[in-house]
Amino acid sequence: MEQLSSLFAVGRRNFDRRFIKATGNTPVEYAQRVKIEAAKKAFETSRKTVNEVMYDVGYSDAKAFRELFRKLTGLSPLEYRMRYNKEVMVW
């Protein structure tokens, strides 16, 4: 974030305020949401394990990933996969 704020020639606090105003999220929250969206897409379209997806989107702490995923989606990663992965669904 320091590099981004310097790239735009503004202080970190000013950058954060502008970012929040534009997106409704802090830069960290936004990055987390982008990573979780990528994880959701992977769970919907692939057969990768939770750990593989977690590493692919940039997390190394399984507990933190699962907690954040549940917080943002309302489902655990496995529950999400069972509900939305078309390959897993059995009719």
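Visitor: Which residues touch the most other members in the largest nonpolar core?

Guide: In this predicted model, the largest nonpolar core has 14 residues, and those that touch the most other members are Ala39, Phe43, Tyr59, Phe65 and Phe69.

Visitor: And which elements give two or more residues to this core?

Guide: Those elements are α3, α4 (50-56) and α5 (62-73), and α3 gives the most, with 4 residues.

Visitor: Take alanine 39, then: what is it in contact with, leaving aside its neighbours within four places in sequence?

Guide: With those neighbours set aside, alanine 39 is in contact with Val53, Val57, Phe65 and Phe69, and of these Phe65 and Phe69 are also among the core residues that touch the most other members.

Visitor: Switching to helix packing, how do the axes of α3 and α6 cross?

Guide: Helix α3 (residues 27-45) and helix α6 (residues 77-84) have axes that come within 8 Å and cross at roughly 50 degrees.

Visitor: What about lysine 41, buried or exposed?

Guide: Lysine 41, which is found in helix α3, is exposed, because its relative accessible area is 57% and the cut-off for exposed is over 50%.

Visitor: How far apart are the C-alpha atoms of lysine 41 and tyrosine 84?

Guide: They are separated by 9.4 Å, although lysine 41 and tyrosine 84 are 43 residues apart along the chain.

Conventions
Residues are numbered from 1 along each chain as its sequence is written. This is a predicted model: local features need pLDDT of at least 70, side-chain atom pairs count only at pLDDT 80 or more; totals for chains, interfaces and linings use all residues. Side-chain values use heavy atoms; hydrogens and water are left out. Axes are lines fitted to C-alpha atoms, for helices over the stretch in contact, and angles run from 0 to 180 degrees between N-to-C directions. Buried means under 20% relative accessible area, exposed over 50%, partly exposed in between (1.4 Å probe, protein chains only). A nonpolar core is a set of buried Ala, Val, Leu, Ile, Met, Phe, Trp, Tyr and Cys residues joined through side-chain atoms within 4.5 Å. Contact means heavy atoms within 4.5 Å.
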